[in-house]
Amino acid sequence: MGTYIAQVDLESALSPQTVAQIYGDANDGTVNTVAVDLCIERAEALASSFLVGFYTLPLPTATDGLMRSACLDFAISLSFDRNPEYVRQFGEGRRTEDYFNRAVAMMQRIQAAVQKLPAEVAADGP
């Protein structure tokens with residue numbers, strides 16, 4: 001379980017069946033939770049790296065919608081990278097890049113203060 005997202009979030013975004021396909025190393029429907037946790041850790045590190053020097057990390061409000069969204073987009077992209085055969089079989093290749101680029105663009109807008117983390121603004125007051 002990560003700071004901003006968890007396996008259940010990845011399952012909600014992709015479906016439990018897709019997560020089982022991508023992270024089911026034994027092909028028996030059992031999810032490799034260590035691999036899921038590593039993916040989430042990597043996704044959160046990517047998103048957080050955009051905020052170094054701009055925000056105190058980890059964010060005091062771990063439920064910020066934009067941060068969770070970026071972490072989830074990174075995690076989906078990293079998940080697809082984990083199982084290239086699944087990506088080829090179901091044509092998910094384009095989505096891998098789209099999710100990654102969307103997360104990068106969002107974090108760059110936040111870094112440039114074009115977008116703000118709503119929970120952080122609310123915590124700081126008007």
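**Terms and their grounds**

Author: Let us begin with one residue of this predicted model. Apart from its neighbours within four places in sequence, Ser77 makes contact with Thr96, Tyr99 and Phe100.

Reader: What makes these count as contacts of Ser77?

Author: The criterion is heavy atoms within 4.5 Å. Thr96, Tyr99 and Phe100 are in contact with Ser77 in that sense. Ser77 itself belongs to helix α4. A C-alpha to C-alpha distance of 8.1 Å separates Ser77 from Asp98, and the two are 21 residues apart in sequence.

Reader: How do you know whether helix α1 is parallel or perpendicular to helix α4?

Author: The axes of α1 (residues 7-14) and α4 (residues 65-82) cross at roughly 75° and come within 10 Å. Angles of 65 to 115 degrees count as roughly perpendicular, and therefore α1 is roughly perpendicular to α4. On the α1 side the contact is made by Asp9, Leu10, Ala13 and Leu14; on the α4 side it is made by Arg68, Leu72, Ala75, Ile76, Ser79 and Phe80. By class, this contact has 7 nonpolar, 1 polar and 2 charged residues.

Reader: Why are the buried residues of α1 said to line one face of the helix?

Author: The buried residues in α1 are Asp9, Leu10 and Leu14. Viewed down the axis of α1, its buried residues fall within an arc of 115°, so they line one face. The face turned away from this buried side carries Val8 and Ser12, which are exposed.

Reader: Against which helices do the buried residues of α1 pack?

Author: Their partners are α2 (16-23), α3 (33-49) and α4. After α1 comes Ser15, which has a positive phi near 110°.

Reader: Which residues of α2 are buried, and against what do they pack?

Author: Thr18, Val19, Ala20, Ile22 and Tyr23 are buried in α2. The buried residues of α2 pack against α1, α3, α4 and α5 (84-90).

Reader: What pattern does the protein follow along the sequence?

Author: The pattern is α-α-α-α-α-α-α. The protein has 7 helices and 0 strands.

Reader: Why does the radius of gyration of the protein agree with that of a compact globule?

Author: For 126 residues, a compact globule would have a radius of gyration near 14 Å; the protein has 15 Å, which agrees. Along the principal axes, the C-alpha trace spans about 50 × 25 × 20 Å.

Reader: How many of the contacts join residues at least 24 apart in sequence?

Author: Among contacts between residues at least 6 apart in sequence, the share that joins residues at least 24 apart is 72%.

Notes
Residues are numbered from 1 along each chain as its sequence is written. This is a predicted model: local features need pLDDT of at least 70, side-chain atom pairs count only at pLDDT 80 or more; totals for chains, interfaces and linings use all residues. Side-chain values use heavy atoms; hydrogens and water are left out. Axes are lines fitted to C-alpha atoms, for helices over the stretch in contact, and angles run from 0 to 180 degrees between N-to-C directions. Helices (H or I, at least four residues) and strands (E, at least two) are DSSP runs, numbered from the N terminus. Angles under 35 degrees count as roughly parallel, over 145 as roughly antiparallel, 65 to 115 as roughly perpendicular and the rest as oblique. Ala, Val, Leu, Ile, Met, Phe, Trp, Tyr, Cys and Pro count as nonpolar, Asp, Glu, Lys and Arg as charged, and the others, Gly among them, as polar. Buried means under 20% relative accessible area, exposed over 50%, partly exposed in between (1.4 Å probe, protein chains only). The arc is that of the directions from the helix axis to the C-beta atoms. The radius of gyration is taken over C-alpha atoms; the globule rule is 2.2 Å times the number of residues to the power 0.38.
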